[in-house]
Amino acid sequence: MDTFDRQLCKQCQQLETQPPSTVSSRLYSTNNAAMSYAYNPPSGATTSDQSTWQQRKPHTQTSVADKINSIISGKDNNGLPMYKDKPYNYSPTAKKPAFYRQRRLMLGLFALLVWILYWTGAFSKHEDHLDHPNKPWWSEDKKTKISKKSTQLWNERREKVRDAYRISWKAYEEHAWGHDIFHPASKTAEQMVPNGMGWIIIDALDTMMLMNLTTELSHARDWVATNLTFEQDHDVNTFETTIRMLGGLLSAHYLSTEFPNLAPLPAADVAAGEDLYLEKATDLADRLLGAYESNSGVPFASINLKTAKGIPSHDDGGASSTAEATSLQLEMKYLAKLTGETHYWEAAEKVMQVVDNNGAREGLLPIFLYADSGAFRGEQVRLGSRGDSYYEYLIKQYLQTSLQEPIYNTMWSEALHGIRKHLLAYTKHTNLTILGELPQGLDGPLFPKMDHLVCFLPGTIALAATGGHTLAHARSLPTWTVDHDAQIELAKDLTKTCWGMYKVTATGLSPEIAHFHLYDPVVLTASESTPRTSPEELSADPAAEWREDFDIHHGDVHNLQRPETVETLFYMWRITGDEKYREWGWEMFESFMQWTLLEETDFGHGDDDATAIEKAKARAEVMKFGGEKKYRGFSSINDVNQTPPPTKDNMESFWLAETLKYFYLLFSPSDILPLTDIVLNTEAHPFPRFEMGKLFKTGWQRKPRDGNGKIITQTQSHGETVHVEKKNEGSVVESVKDVVKDGTEGIIKAAKDADGQGKKVEVIDVMPAVKDATPAL
């Protein structure tokens, strides 16, 4: 990040008091069980210099921006080393011979002459010279992009993300510190519970660690140590509290203990052996366990923090969300591993057993279930809200325990098969692949609607297919199949559709929901033996045909700063190595900067050169970090098709916990949080993969299923096993059970009676006599 950008950012001031912005908190793996932390030194730096280096900026054209910066900072524009006493290339020098000193003098005079010519604008066009005062801090010159090497370019872009985080955090510190809800436009705040839960603070801890924001992290940690309490008589959402609060505390524990350079603790705390984050996480989890005390073991939608009593949902007939009930397992299992307490593990995995015992068809679950009975409510299937993270946590549970629980990989494979068979269709004009919904269940029509939430899926498919390895490595493994290649192509197609949800709007930001125009009749992708061809790239031309496939409804045009698409871009970049996913991410990031960043005051926009410089002189003192602010922070917006868009006046906690984190990781080297060593929960909190050991096991087994994944019932007849599938509930199955004691003839009679009543019964894997006597079945 250059100095002018840092000054205009204002929340990014006083470089010498902050950790190196060019230091990469690089986590790299030597094996699946161990990772270590290192700096990212520039080319030519020695090992002993790794902790003190800072890249020097190349000499670039001096502009009004540079003049303003010099006025503000009182320094020249060459980057200073982070630690002033020892620059990265410092070394004692011996006395040089006279001829060398003369040559240095001549070179110095020549450099001075060049500098003067630059200052007077001799090498620049006036129109370029005028552009810089009005240039946003986050933007970049296309010429600069072309001239820079890829590594340098992405490092600089990553620093822009870091700056955006600091702007957001500074605004929160100033106007909402300790509060759970922040309204940046009005500079107001609210609490979710009387004394606050640290909703924003805890959710953001690990992002600050990864970005090496030690000052901000120290402030947050102090709040957790002195203010955070869960002893509050108030109900909270079980799922959201688990993924954000419990997940945030556990990931903070993981990063701060495994990589202490990311989160240095006060010396007194280290000496005392304090484990703040884990202690708080355990306290919270003990309270959350009360939600699991239903008759079935499925957690209630809410929990009272003080009484630890579960509370059914106030909506949806008291049913819990399927996604919410089945997206608690990564957190509880990791806590169990840390503490050695198996009851966290057992409570979480019991939910998976109850849900699976419902026998949903082809791995696709209805989006509601009752906590008391464990039974599904309705038949609606979707991978957007209330359905999404069930599927995400299937494969991530398998990866979290180092592939030692194959039951979850089996369930993922069944679900993916069902998705590919029932939910994927082509758009009418350009054959984009969309993932629709089934409001009436698997036997109903496909509804062409995609929540932004659905866009987690392409990245998850790629992660599941490769196990987190690069595509090149995964393809070299003996387990790789042709179908894995098909899964990667599906991930690419869906990623392009999600990217289109951004490209199609006036702001370049996605609506909350998109609808699509499909063929009539609908063409499912599964019905085509050869995949149809869609545009390789989505043209920026306003008249491009692909835009006709999108149908954005007026009630869906808001944007909540959601992370799912950049999450998928992160996975797709890491796995495929295709840089276009990073470029798409940068374009998205620029749109967020342009349309969701709230400016406080105008610092010279639209002024001529002289006026801009004079304003800089007048404000040079107050533009210090912590002084006058230019930005109020970032906010959700109400209409992605209106420019400028009306603000929604709310900063979601996942803007800090997920969206900016995924942007930062997307632009970072791939050895930071390697996918083969960690899993990210559905709030982007990283946990390590681990071996189950002797203490933990998968404590349940799936019921037998037929070829379509439907549960079958087992009975006994004279020592021979008879499988009767439940096509109808009630009398049919019971009548078969009643006559089992009569042997083969009794089963035949019961089946015939049922068939005569118009009820469908299927008897599988029985004696030949039964099959021969009941051909109608």
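Visitor: Which elements each supply at least two residues of the lining of the second largest pocket?

Guide: This is a predicted model. In it, strand S2 (34-38), H9, helix H13 (329-339), helix H15 (388-400), H16, H17 and H19 each supply at least two lining residues. H16 gives the most, with six residues.

Visitor: What makes up the lining of the second largest pocket, by class?

Guide: The lining has 20 nonpolar, 14 polar and seven charged residues. It counts 41 residues, and Leu-399, Ser-402, Leu-403, Gly-467 and Arg-689 lie nearest the centre of the pocket. The volume of this pocket is about 900 Å³.

Visitor: How many cavities of 30 Å³ or more does the structure hold?

Guide: Five. The term cavity applies because a 1.4 Å probe fits there but cannot get out. The second largest cavity has about 80 Å³ of space.

Visitor: Which elements give two or more residues to the lining of that second largest cavity?

Guide: Helix H14 (342-356) and helix H16 (406-422). Among the lining residues are Val-355, Asp-356, Met-411 and Glu-414. Arg-702 and Arg-705 also line this cavity.

Visitor: How do the residues of that lining divide into nonpolar, polar and charged?

Guide: Six are nonpolar, two polar and four charged. Asp, Glu, Lys and Arg count as charged, so Asp-356, Glu-414, Arg-702 and Arg-705 are the charged ones in this lining.

Visitor: What makes Cys-455 and Cys-498 a disulfide?

Guide: The cut-off is a pair of cysteine sulfur atoms within 2.5 Å. From Cys-455 to Cys-498, S to S is 2.1 Å. The pair therefore meets the rule. By this rule the structure has one disulfide.

Visitor: Why is the disulfide called left-handed?

Guide: The torsion about the S-S bond is about -100°, so the disulfide of Cys-455 and Cys-498 is left-handed.

Visitor: Which parts does the pair tie together?

Guide: Cys-455 lies in the loop between strand S12 (449-451) and helix H17 (457-466). Cys-498 lies in helix H19 (residues 482-503). The pair therefore ties together parts that are 43 residues apart in sequence.

Visitor: How do you know that strand S6 (residues 302-304) pairs with S7?

Guide: Pairing needs at least two bridges. Two bridges join S6 to S7, so the two strands pair. They run antiparallel. Ile-303 stands opposite Gly-310 in S7.

Visitor: What is the order of the strands in the open sheet?

Guide: The order is S5-S6-S7, with antiparallel pairing.

Visitor: Why is one side of S5 and of S7 left without a neighbour in the sheet?

Guide: Strand S5 (235-237) and strand S7 (310-311) stand at the edges, and each has a single partner strand, so one side of each has no neighbour in the sheet. Helix H9 (residues 238-258) packs on the sheet and touches S5 and S6. The direction of H9 makes about 70° with that of S5.

Visitor: What makes Ala-308 stand out?

Guide: Most residues other than glycine have a negative phi. Ala-308 is not a glycine, yet its phi is positive, about 60°. Ala-308 lies in the loop between S6 and S7.

Visitor: Which peptide bonds are cis?

Guide: Most peptide bonds are trans. The bond from Asp-520 to Pro-521 is cis, with omega near 5°. Pro-521 is in the loop between strand S13 (513-516) and strand S14 (550-551). A cis peptide bond also joins Thr-643 and Pro-644, with omega about -10°. Pro-644 is in the loop between strand S16 (631-634) and helix H23 (653-666).

Notes
Residues numbered from 1 in each chain as written. Predicted model: local features only at pLDDT ≥ 70, side-chain atom pairs only at ≥ 80, totals over all residues. Heavy atoms only, no water. 1 Å grid on protein atoms, 1.4 Å probe; cavity = no way out; pocket = protein on both sides within 12 Å on 5 of 7 lines; lining within 4 Å. Points joined across faces, edges and corners; volume = space filled by probe spheres on them. Helix = DSSP H or I, 4+ residues; strand = E, 2+ residues; numbered from the N terminus. Contact = heavy atoms within 4.5 Å. Axes fitted to C-alpha atoms, helices over the stretch in contact; angles between N-to-C directions.
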